[in-house]
Amino acid sequence: MCSQVSFSFNAMMQCSLAWGGQQSFFPGRRMSAEIPLKRIDYNTREIGVQRSFLEGSRVVLRPQVQRIISNPKGSLICASLITSSQIASTAFTWGTVAVLPFYVLMVLVPKSTLTRRVMDSNIPFAALAILYGYLLYLSWTPSTLNVIFATKYLLPELPGMAKMFANEMTMASAWIHLLVVDLYAARQVFHDGLKSNVETRHSVTLCLLSCPIGILTHFITKLMVKIANGSH
């Protein structure tokens, strides 16, 4: 048999909520709920009416399913960025720490056998060069050459270089580059000071802070020592 529903769907919703969505509008009937085994947002529901010749009319509550789809590629990208940042930060820190013992030896005990033996070795420079090459490989992009050779004269421009060095990996590789060059210059000053019997502690220290100033200071020191020896 067919029954007519004379009340609005708003009234049906209120009655359904009042009964907790468990009782039917008709006595002796339980309301069926079709709930898929998915994550369901219970804040929004659809109300429908099903009619059957034997059972009559009944209200069916259909929860709307909202799926949350994760983006594995986005997660991999974030993980990659975090890893690159960690590599750059670690290389920056450990590269700085690695060169300090050599400066300490050249400043505190410049004439000891240990200092001379250590500063004659090329292993520290090779290790730092390998680290620099690895960071350079990680920071290299297809647009790097376009930034370096930006003008028609194949010369770099300051805005492009500033944009390139805004990358942490590029900055870390540049820092390792400076550490290697500064340490090599400090070693040259150290050896030249031993050969010329000239004090180099202040010049070596300045090479760590500002390599060109340290080299200039060493030249001035040698000149002053030469003038002092000539006056005697």
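This short tour visits a pair of packed helices and an aromatic pair in a predicted model.

**Stop 1: the two helices.** Start by selecting residues 123-139, which form helix H4, and residues 168-196, which form helix H7. The axes of H4 and H7 lie 8 Å apart, and the two helices pack at an angle of about 160 degrees. Angles over 145 degrees count as roughly antiparallel, so that is the description for H4 relative to H7.

**Stop 2: the contact.** Now show side chains. On the H4 side, select Phe 125, Leu 128, Ala 129, Leu 131, Tyr 132, Leu 135, Leu 136, Leu 138 and Ser 139. The residues they meet in H7 include Met 169, Ala 172, Ile 176, His 177, Val 180, Leu 183, Tyr 184 and Arg 187. What classes of residue make up the contact of H4 with H7? There are 14 nonpolar, 4 polar and 1 charged residues.

**Stop 3: an aromatic pair.** The model has a count of 2 aromatic pairs. For one of them, keep Phe 125 and Tyr 184 selected and zoom in on their rings. The arrangement is edge-to-face, with 5.7 Å centre to centre and 80 degrees between the planes. Because Phe 125 sits in helix H4 and Tyr 184 in helix H7, the pair ties together parts that are 59 residues apart in sequence.

**Last stop: the surface.** Is Phe 125 buried or exposed? Phe 125 is buried, at a relative accessible area of 11%, whereas Tyr 184 is partly exposed, with 42% relative accessibility.

Terms used. Residues are numbered from 1 along each chain as its sequence is written. This is a predicted model: local features need pLDDT of at least 70, side-chain atom pairs count only at pLDDT 80 or more; totals for chains, interfaces and linings use all residues. Side-chain values use heavy atoms; hydrogens and water are left out. Axes are lines fitted to C-alpha atoms, for helices over the stretch in contact, and angles run from 0 to 180 degrees between N-to-C directions. Helices (H or I, at least four residues) and strands (E, at least two) are DSSP runs, numbered from the N terminus. Angles under 35 degrees count as roughly parallel, over 145 as roughly antiparallel, 65 to 115 as roughly perpendicular and the rest as oblique. Contact means heavy atoms within 4.5 Å. Ala, Val, Leu, Ile, Met, Phe, Trp, Tyr, Cys and Pro count as nonpolar, Asp, Glu, Lys and Arg as charged, and the others, Gly among them, as polar. Rings of Phe, Tyr and Trp (its six-membered ring) pair if their centres lie within 6.5 Å; planes under 30 degrees apart count as stacked, over 60 as edge-to-face and the rest as tilted. Buried means under 20% relative accessible area, exposed over 50%, partly exposed in between (1.4 Å probe, protein chains only).
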